[in-house]
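The following note sets out points for a colleague reading this entry. Please consult the sequence and the structure alongside the text.

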Amino acid sequence: MFQASLGGGFGAQGYGLRASISAAVAYDEVCSRHVVDISYEPQAIIIRGRLPPDVVRRVRTIIVEIAGAVPVWDRTFWLG
């Protein structure tokens, strides 16, 4: 299970971390108009899907604000 509270953030771990990130992304003005697929691996949090660059930057910001300094991998593409 992914544990990401050691680097900062407000200390969420495991399922609480996942729920916090999912809720923050779902209710964010920039991200709510797109389908953002976030997966949690032991090595990193992974952002996937067809997303514009500004949405990906916003998702990364949300993850860092909640989880602290964690590796975030970007596996998105945008054909704009």
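1. Through how many residues does a hairpin join S1 to S2? The hairpin between S1 and S2 passes through four residues. Helices (H or I, at least four residues) and strands (E, at least two) are DSSP runs, numbered from the N terminus.

2. This is a predicted model, in which local features need pLDDT of at least 70 and side-chain atom pairs count only at pLDDT 80 or more, while totals for chains, interfaces and linings use all residues. Residues are numbered from 1 along each chain as its sequence is written, and side-chain values use heavy atoms, with hydrogens and water left out.

3. The secondary structure of the protein consists of two helices and three strands. Along the sequence these elements follow the pattern α-β-β-α-β.

4. The three strands form an open sheet in the order S1-S2-S3, with mixed pairing; two strands pair if DSSP finds at least two bridges between them. Strand S1 (37-40) and strand S3 (72-77) each have a single partner strand and stand at the edges, so one side of each is left without a neighbour in the sheet. From one strand to the next, the twist averages 15 degrees.

5. The pairing of S1 with S2 is antiparallel and extends over four bridges. Within this pair, Ser39 stands opposite Ile46 in S2.

6. Strand S2 (residues 45-50) and S3 run parallel and are joined by six bridges. Ile45 faces Val72 in S3 as its opposite residue, and Arg48 stands opposite Arg75 in S3. In a regular strand the side chains alternate between the two faces of the sheet.

7. Both helices pack on the sheet. Helix H1 (residues 14-27) touches S1 and S2, and its direction makes about 165 degrees with that of S1. Helix H2 (residues 53-67) touches S1, S2 and S3, and its direction makes about 160 degrees with that of S3. Axes are lines fitted to C-alpha atoms, for helices over the stretch in contact, and angles run from 0 to 180 degrees between N-to-C directions; contact means heavy atoms within 4.5 Å.

8. S2, H2 and S3 make a right-handed β-α-β unit: with the strands pointing away from the viewer, the path from the first strand over the helix to the second runs clockwise.

9. Of the 80 residues in the protein, 38% are buried (under 20% relative accessible area, 1.4 Å probe, protein chains only). Among contacts between residues at least 6 apart in sequence, 56% join residues at least 24 apart.

Definitions and conventions. Buried means under 20% relative accessible area, exposed over 50%, partly exposed in between (1.4 Å probe, protein chains only).
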